[in-house]
Amino acid sequence: MTKIYVLHENAEWTVHLTRRLEELDVPYDEWHLAEGHLDLDGTPPEGIFYSRMSASSHTRDHRYAAEYTSAVLAWLERHGRVVVNGSRALQLEVSKALQYLSLQTAGIRTPKTVVAVGKAQILEAANGFRGNSFITKHNRAGKGLGVQLFHDVDALAAYVNGPDFEEPVDGITLVQEYIQSPESYITRCEFIGGKFLYAVRVDTSEGFELCPADACQIGDLFCPVGEQVDNKPKFQIIDGFADPIIEQYERFLQQNEIRVAGIEFIRDAHGGIYTYDINTNTNYNSDAEAAAGIFGMKVLAEYLLTQLNVYASV
């Protein structure tokens with residue numbers, strides 16, 4: 001029997017999808033890739049393979065899950081299997097530097113960013129932002145992990161040389177210009193099948209570490225999903241969102257063979273858009289979706305079913 005194979009390392013983020021697959025009576029199996037072994041001379045089963053590997057897998061003690069998944073995806077693609085969010089998607093998932101270069105190649109504006117390895121180099125990179133606020137972030141992260149805002153190099157030096165400095169898992173720290181928005185929110189655009197689904201407004205007034213997943217409500221105090229800010233929800237789907245950036249994003253996803261993603265941007269005081277994150281392991285906030293009457297995991301399950309039916313008919 002051909003089926004959907006969901007590749008992941010976090011059951012809490014995957015159960016919302018498998019429930020929708022079960023509602024549609026779609027045959028599926030889960031491949032948990034936190035660890036395992038792979039015979040390269042073996043042949044993959046028939047079916048559709050959907051990768052949900054996350055850049056933040058190392059924060060759940062799955063340090064080498066992404067590397068192992070890279071080998072599995074290459075094996076699947078070598079045998080011509082249909083892979084939703086394959087090797088190219090994973091490459092972008094685990095490297096923001098690669099994201100920015102790829103976005104720039106597609107003509108999409110990103111914030112000025114400097115790649116740095118080593119504490120002294122981080123401080124040297126920040127000297128190029130003197131007189132302006134800037135942020136640091138991990139090249140490989142997730143949930144906004146490691147994002148810090150600084151208004152001068154001295155404050156950065158105190159952080160980098162202090163006990164609270166977070167060493168990136170790949171050793172790469174990004175120093176990036178801080179885009180000052182007139183309002184404390186960012187916009188996240190969700191895409192399924194490479195097509196725009198909806199945009200969600202995310203309140204950032206209480207910090208940068210934001211994750212739409214419902215699991216964050218339970219286990220991550222730095223991921224304030226579902227909270228209220230000034231009596232307004234932190235995540236709110238924008239009714240009728242439309243902007244020329246959507247067409248650019250869709251072309252970008254097609255060019256990079258990405259079918260499922262959340263792309264985040266911020267507007268400056270002049271209305272200019274800066275794109276700063278692509279998440280190919282996208283999650284959805286249930287409260288925001290219930291309020292809007294649209295459900296990303298349901299649409300995703302339907303998309304995977306369509307892909308499976310096409311595959312089975314060939």
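1. Ser95 is buried, with a relative accessible area of 14%. Here buried means under 20% relative accessible area, exposed means over 50%, and partly exposed is in between, using a 1.4 Å probe and protein chains only. Ser95 sits in the loop between α3 (87–93) and α4 (96–105). A polar atom of the Ser95 side chain lies 3.1 Å from the backbone nitrogen of Leu98. For a polar contact, two N or O atoms must be within 3.5 Å; within protein, one must be able to donate a hydrogen and the other to accept it, and residues adjacent in sequence count only if both atoms are side-chain atoms.

2. A word on what you are looking at. This is a predicted model, in which local features need pLDDT of at least 70 and side-chain atom pairs count only at pLDDT 80 or more, while totals for chains, interfaces and linings use all residues. Residues are numbered from 1 along each chain as its sequence is written, and side-chain values use heavy atoms, with hydrogens and water left out. Helices (H or I, at least four residues) and strands (E, at least two) are DSSP runs, numbered from the N terminus.

3. On confidence: pLDDT is the predictor's confidence in each residue, from 0 to 100. The protein chain has a mean pLDDT of 91, and 91% of its residues reach 70 or more. Over residues 213–229, though, the pLDDT is below 50, and this stretch has 42 contacts in the model beyond near neighbours in sequence. Contact means heavy atoms within 4.5 Å.

4. Please take a look at Asp268, in the loop between β14 (260–267) and β15 (273–279). A salt bridge needs a side-chain nitrogen of Lys or Arg within 4 Å of a carboxyl oxygen of Asp or Glu. The Asp268 side chain does have a polar atom 2.9 Å from the backbone nitrogen of His270. Leaving aside residues up to four places away in sequence, Asp268 touches Ile179, Gln180, Pro182 and Tyr274.

5. The salt bridges that do form are worth a tour; the whole structure has 11 of them. Glu9 and Arg60 pair through their side chains at 2.6 Å, N to O. Glu9 is in the loop between β1 (3–8) and α1 (11–23) and Arg60 in the loop between β3 and α2, so this pair ties together parts that are 51 residues apart in sequence. Glu9 counts as buried, at 2% relative accessibility.

6. Another salt bridge joins Arg267 and Asp243, at 3.0 Å, N to O. Arg267 belongs to strand β14 and Asp243 to the loop between β13 (235–237) and α8 (245–255), so the pair links parts that are 24 residues apart in sequence. Arg267 is partly exposed at 28% relative accessibility, and Asp243 is partly exposed at 21%.

7. Within helix α1, Arg20 and Glu23 are three residues apart, about one turn of the helix. Their side chains form a salt bridge of 3.1 Å, N to O. Arg20 is partly exposed at 21% relative accessibility, whereas Glu23 is exposed at 57%. Elsewhere, Arg63, Glu67 and Arg140 are linked in a network of salt bridges.

8. Now the interior. A nonpolar core is a set of buried Ala, Val, Leu, Ile, Met, Phe, Trp, Tyr and Cys residues joined through side-chain atoms within 4.5 Å. Among the 52 residues of the largest nonpolar core, Leu17, Cys189, Tyr249, Leu300 and Leu304 touch the most other members. Helix α10 (residues 296–313) gives the most to this core, with seven residues. Another core, of 16 residues, lies apart from it and includes Leu7, Ala65, Tyr68 and Val72.

9. Asp61 has a positive phi of about 65 degrees although it is not a glycine. Asn85, also not a glycine, has a positive phi near 65 degrees. Are these residues buried or exposed? Asp61, in the loop between β3 (47–51) and α2 (65–78), is exposed with a relative accessible area of 76%. Asn85, in the loop between β4 (82–84) and α3, is buried at 2% relative accessibility.
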